Amino acid sequence: MIDLFGNIAMGLGVAVQPMNLAFCFIGALLGTLIGVLPGVGPTATMALLLPLTFGLPTEASIIMLAGIYYGAQYGGSTTAILLNLPGETSSVVTTLDGHQMAKQGRAGAALAIAAIGSLFGGSVATLVLAAFGPIMTRAALSFEAADYFSLILFGLLVSIVLAHGSVLKSVTMVAAGIALGTIGVDINTGQFRFTFGLMQLAEGINFVPLAMGLFGVAEILRNLENRGADVGTVRPLSSLWPTRDDMRRSWPAVLRGTAVGSLLGVLPGGGATLASFASYSLEKKVAANPSRFGKGAIEGVAGPETANNAAAQTSFVPLLTLGLPTNAVMALLVGAFIIQGVQPGPMMLKQQPALFWGLISSMWIGNLMLVIINLPLIGLWVKLLRVRYEYLFPAVLLFCAIGAYSLNNSGFDVLVMVAFGAIGYLLIKLGCEPAPLLLGFVLGPMLEENLRRALMLSRGSLLTFVERPISLTILIALAVTLVMLALPSLRRKRDVAFAEEES
Amino acid sequence: MTPFGIKHSSQDIIAGAIFLASGLAGVFGSFSYPMGTALQMGPGYFPAVVFGVLAALGAAILLKGLLVAGPGITGWAWRPFALVLGGLVLFALVAQTLGFILSCMALVLVATAAVPGLTLRSRLVLALVLAGFCWVVFLLGLGILIPTWPDLTP
């Protein structure tokens, strides 16, 4: 314990140096900004800024890039709540209840709770990272391909609980997402799959235009359909602050979100996205009245927003202790470390303790800055809502078009976005939720990779998934969830029957 | 009353048919790649399984749609659909040749034609303001590589 406080004190000493403080602020502000702008993600921004870090000291550059990452988690939720546009996969679930709250004129409360939850989750997760990093690393080290496979399967199941439509259609959407994820070069053999001769599809469909099409463009089409009734725009706010009732409902969700986020963030592959999805379904499960979810339940904002921020912090664990990037952003950070001549991994803690603990402490300071930057700015985001939808939707469309175009500086990604806009609109018409499709798409390639590796290790025996204790535990949890899933589905069927009798 | 004389859901029938068809097409496509074995999977193995599952689920939805009453499909907004997506396609095609400002304005002008109440004058002003704002943010701020104006030198 003395060690821990000594280390944190040393880290704080590094983080509060004026230069590092300044770059932490720049990172957090920039992160929020690009998170708010739909279509400009942290990956693109960090890639653009990477060359600029050549001239900076090691600590300052890493602290700034990390700030962009967790700042964007935060900013992404702002657009998710106000415009129903998730800036990041991790804020997809925030749209479900956050945007509903905004439509009811409670955007202020949703944004404030997201800020408070993020600060709390981020702070606690930073402590977790500092205290349990080494222990959690040992646990993560013992994960093998079979365990990952079971874990990803579990993550996909969570997304079915999340959808509020028919379970059958949700499962189908997950399958469709995984199927879309198989497009591109097969990693093991180099075979081109379903690319139809298009070189642009060699690395698969890009996540960004797919998500912007399914959620951004399709939503615009749906909103333009019923003009007159002012859908899409949000009622003016009555209050910026959560009510006492909001706070009472939120704090247990924040605590649970912190726990879920800290835990899932460490696991490679899952990270912030899986954490927010898992937290949402947990809140839905423990709620006394689950039917409130999807209609503006504040727990549905508080839990996932806390969880994704907590997970954004703890996802640094595999990177800092194993040198293993768990997502695209972490891979970019590896690049930034290498530019500075530092090899991330087990030796970093010993060789560069000031950098290691300075980065961890800066995350706490950065989270505090996020709240200080954002609570006054909520007023500014809210002003966006007074804008009529006729003026708002061309702006959103333009951001999406430019964002998609700038990914590879080609029109191809814009066309991909158009295609998924059309598909998304069709899915809305067919009563299918796009969120499970997105998760299937993201986790599908990892599922295939781990399945193939696990079966290679076990010489083709499927028994490996129940023989390994970690995998078996996850599969049992999965089976239990399936049973629980069957119950609300029964209830839903009964509801449908009742509805028919009434009409 | 209904084409099948029994309760059905046109939403589920169409959704099921689409998933069944794309699943079958995917399975067919997967078999054009080497399959391999469970021990040493070829590139076609996993997609074949996934598309197979998709086709089976599609068949289940189709069947449910034929037997169980449910919601039908409500009106498809063709005008916004064509204009919004058309504007985006136009942007994708002309961005490099017409330059940033004109392409942005073209997208906004085409897309806003989907809104009946807007005058041409206000659409032009909106297009100009948005293009200018985006130029500041994306070209000046983030350094995106699209030329500002069309290249007029022969």
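These legends go with close-up views of a predicted model. Residues are numbered from 1 along each chain as its sequence is written, while chains are lettered from A and ligands numbered from 1 in the order in which they are written. Local features need pLDDT of at least 70, side-chain atom pairs count only at pLDDT 80 or more, totals for chains, interfaces and linings use all residues, and side-chain values use heavy atoms, leaving out hydrogens and water.

**View 1. Helix α18 of chain A, residues 412-429.** Helices here are DSSP runs (H or I, at least four residues), numbered from the N terminus, and strands are E runs of at least two. From first C-alpha to last, the 18 residues of α18(A) reach 26 Å, close to the 26 Å expected at 1.5 Å a residue; that expected span is 1.5 Å times one less than the number of residues.

**View 2. What α18(A) packs against.** Its buried residues (under 20% relative accessible area, 1.4 Å probe, protein chains only) include F412(A), M417(A), F420(A) and Y425(A). The buried residues of α18(A) pack against α8, α9, α17 and α19 of chain A, plus α1 and α3 of chain B.

**View 3. L107(B) in helix α4 of chain B.** L107(B) counts as buried because its relative accessibility is 1%. Its contacts (heavy atoms within 4.5 Å) include L397(A), L398(A) and A401(A), along with G87(B) and F91(B), not counting residues up to four places away in sequence. The C-alpha atoms of L107(B) and G87(B) are 4.6 Å apart, though 20 residues separate them along the chain.

Conventions
Buried means under 20% relative accessible area, exposed over 50%, partly exposed in between (1.4 Å probe, protein chains only).
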